[in-house]
Amino acid sequence: MTTLVEISRLSKRFAYITAVDDISFQVDKGEVLGFLGPNGAGKSTTMKMITGFLAPDAGTVRVGGRDIAEEPVEVKKRLGYLPEGAPLYPDMTPAGFLGFVGAVRGLRGDSLRRRVADTVKKVNLQSVLEQPIGTLSKGYKRRVGIAQAIMHDPEVLILDEPTDGLDPNQKHEVRSLIRNMAEDKAIVLSTHILEEVDAVCTRVIIVAEGKIVADGSPTELEARSNLHNAVTLVVRDRDPAQVKQELVKLNRVAAVECVARNGLVHCTVRPENSDSIVAAVSGKARENAWAVEELHVHRGRLDDVFRAVTTAESKRS
């Protein structure tokens, strides 16, 4: 696996605030890394240091094997960056702006025209190409920002909230674009939308107070949820107290919650130590001849894990 981004012991302070606190990680070609954290956790500051917009107080950033402090221009040739609230020229049209960005990136003539046309098609900007950027909706402005980031086909993409302001259809388009580009790039994206992690990310880093507090695949992090391997059971025409009484008898069951709604009993059965208990729950239902309407296993919830690792209470315990 080719490592395209290497972060080593990166730190940044602003007055009395440590925004990024001695973090290290790497991103390989083909990876889409979701960079998560609460507001003020250090996500945007880290991205600005990776792209050379901010100088770190300590640590190193290497992109494609080159140190950004020693070879900033060479590194930036390999980077595409969508910053938070991407700054655009409101009096320019998307066509003019992308032509300008491509020229700055060294594209000329037919190569420039082909890249602009290809990029416009990828982000679906055809209908607003000649409209002043200042008159565009927030969603279209975001798409113009994404377009400038991918114009030169960089090997590393840094995307800060790429789907911010987009409607559901536009989000789907951008996520599909990210997945399609991921095979030959390293992509780092920050987001507050946890469904986006499931949709596009192969790996997740969660930061809090400038430190990395979790790092793994979405599946690995979901396995840390207290709902991992929990079972939802829905049965008809039963007393919820009796159903619960039977389920708590099972081995490796930590807790059972049952409620009655519209003639159905809805139960959530939580296992001890994330053990697999679905066979036992199913067997108990057959043993008691319950009329089962629904039976499924939870893989865990990323939002539970996010709250657990980023709250002050969890870090103090």
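This is a predicted model: local features need pLDDT of at least 70, side-chain atom pairs count only at pLDDT 80 or more; totals for chains, interfaces and linings use all residues.
Trainee: How many bridges join strand β9 to strand β10, and how do the two strands run?
Mentor: First, the terms. Strands (E, at least two residues) and helices (H or I, at least four) are DSSP runs, numbered from the N terminus. Two strands pair if DSSP finds at least two bridges between them. Here, five bridges join β9 (residues 203-208) to β10 (residues 211-216), and the strands run antiparallel.

Trainee: Which strands pair with β3 in the parallel sense?
Mentor: β3 (residues 32-36) pairs with β8 (residues 186-190) over four bridges, in the parallel sense. β3 also pairs with β9 in the parallel sense, over four bridges. Look at F35. It stands opposite S190 in β8, and its bridge partner in β9 is I205.

Trainee: Which way do the residues of β3 point?
Mentor: In a regular strand the side chains alternate between the two faces of the sheet. In β3, V32, G34 and L36 point one way, and L33 and F35 the other.

Trainee: Is β3 mostly covered or mostly uncovered?
Mentor: Buried means under 20% relative accessible area, exposed over 50%, and partly exposed in between (1.4 Å probe, protein chains only). Five of the five residues of β3 are buried, so the strand is mostly covered. Across the protein chain, buried residues make up 46% of the 317 residues.

Trainee: Where do the edges of the four-stranded sheet lie?
Mentor: Start with the order. The open sheet runs β2-β1-β4-β5, with antiparallel pairing. β2 (17-28) and β5 (66-67) stand at the edges, each with a single partner strand, so one side of each has no neighbour in the sheet. Inside the sheet, β1 (residues 3-14) and β4 (residues 58-63) pair over five bridges. The bridge partner of S8 in β4 is T60.

Trainee: At what angle do helices α3 and α4 pack?
Mentor: Axes are lines fitted to C-alpha atoms, for helices over the stretch in contact, and angles run from 0 to 180 degrees between N-to-C directions. α3 (residues 94-104) and α4 (residues 109-123) pack at about 130 degrees, with axes 10 Å apart. That makes α3 oblique to α4. Angles under 35 degrees count as roughly parallel, over 145 as roughly antiparallel, 65 to 115 as roughly perpendicular and the rest as oblique.

Trainee: Which residues make the contact between α3 and α4?
Mentor: Contact means heavy atoms within 4.5 Å. L98, G99, G102 and A103 of α3 meet L112, V116 and V120 of α4.

Trainee: How do α4 and α5 pack?
Mentor: α4 and α5 (residues 138-150) pack at about 135 degrees, with their axes 10 Å apart. They are therefore oblique to each other. The contact is made by R115, T119, K122 and V123 of α4 with R143, I146, A147 and I150 of α5.

Trainee: How many helices and strands does the protein chain have?
Mentor: The chain has 12 helices and 14 strands.

Conventions
Residues are numbered from 1 along each chain as its sequence is written. Side-chain values use heavy atoms; hydrogens and water are left out.
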